[in-house]
Amino acid sequence: MPRPPAQPHPLAEYADRIDAGKVYTLRQVAELLELAPSSVSGMARYGWLPGSRMKPHRRGGRTYTWTGKQLLRLAARPIRVQYDHERYAPSTLYRVGCRCPVCVRAHSADSQERKRALADEAFPAEKRARVLELVAAGTTVVDAAAKVGVTPGWVYGRATWDAAFAEEIDEAAWSLCVLGQDDPACSTAAGYRGKPGGKFPRPACRGTGCREWRRGQSQVERAASAAA
């Protein structure tokens, strides 16, 4: 079998983010490489991350650690990898250049898992419950997010992939309805935009019905833009 060509180490792309004076755990290297910890553990087992030390983990067992200087030296070394799908995990092979359908799917799943783990850490269940409680009591999503220490983007972003949370937010946000669910202007452009002037001004509505109208309108606008 011909010797595989040399290629940059997976760390090479991230060398400018490595602090030479820091000690990195396996989980921190995984965060740096945007991989699951299991993939980095595999790299260590396969010899792509030599020089590690093992230290006791506070939850039991032992874990790998590397100094920043070690990681920088490794980042500068090319490696030779045979795309052996029986030996290596697909997400690991993707990191070193394999773009077969299996590795691409594994990378996508790995990235999604990592992003959702970070989302759970930044916006945990207790904060989500507090946001829902505040919104149900009439606080806007923007203000509720600020009160629990997250951005509105974390709230709405969670709702794009967590169907249960999206349903809970929609249910809670009926409390923000300006006109009332039975009003003919509810869930219309007029309700969403409000009426800033005139004899009977009213604020823009961000209740569930009007937000649903805005979502639908955005889809129509995107489709029209794509067709143009």
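**Ground rules.** I number residues from 1 along each chain as its sequence is written, and my side-chain values use heavy atoms, with hydrogens and water left out. As the model is predicted, local features need pLDDT of at least 70 and side-chain atom pairs count only at pLDDT 80 or more, while totals for chains, interfaces and linings use all residues.

**Entry 1: the cores.** I looked up the largest nonpolar core and found 28 residues in it. (A nonpolar core is a set of buried Ala, Val, Leu, Ile, Met, Phe, Trp, Tyr and Cys residues joined through side-chain atoms within 4.5 Å; buried means under 20% relative accessible area, exposed over 50%, partly exposed in between, with a 1.4 Å probe and protein chains only.) Leu11, Leu33, Val40, Trp48 and Leu71 have the most contacts inside this core. At least two of its residues come from each of α1 (26-33), α2 (37-45), α3 (68-75) and α4 (90-95). (Helices are DSSP runs of H or I, at least four residues, numbered from the N terminus.) The largest share, 5 residues, is supplied by α1.

I then checked tryptophan 48. Leaving aside residues up to four places away in sequence, it touches His9, Met43, Leu74, Ile79, Val81, Tyr88, Thr92 and Val96. (Contact means heavy atoms within 4.5 Å.)

A second, separate core has 16 residues, including Val131, Leu134, Ala144 and Ala173.

**Entry 2: α6 against α7.** Helix α6 (residues 125-136) packs on helix α7 (residues 141-148) at an angle of about 140°, with the axes 9 Å apart. That makes α6 oblique to α7. (Under 35 degrees is roughly parallel, over 145 roughly antiparallel, 65 to 115 roughly perpendicular and the rest oblique; axes are lines fitted to C-alpha atoms over the stretch in contact, and angles run from 0 to 180 degrees between N-to-C directions.) From α6, the contact uses Lys127, Arg130, Val131, Leu134 and Val135; from α7, it uses Val141, Ala144, Ala145, Lys147 and Val148.

**Entry 3: the loop between α9 and α10.** Valine 178 sits in the loop between α9 (163-172) and α10 (189-193). I get a relative accessible area of 34% for valine 178, so it is partly exposed. Its contacts, again not counting residues up to four places away in sequence, are Arg202, Pro203, Ala204 and Cys205. The C-alpha atoms of valine 178 and glycine 207 are 7.1 Å apart, with the two residues 29 apart along the chain.

Serine 187 is in the loop between α9 and α10 too. Its phi is positive, about 70°, although serine 187 is not a glycine. Most residues other than glycine have a negative phi.
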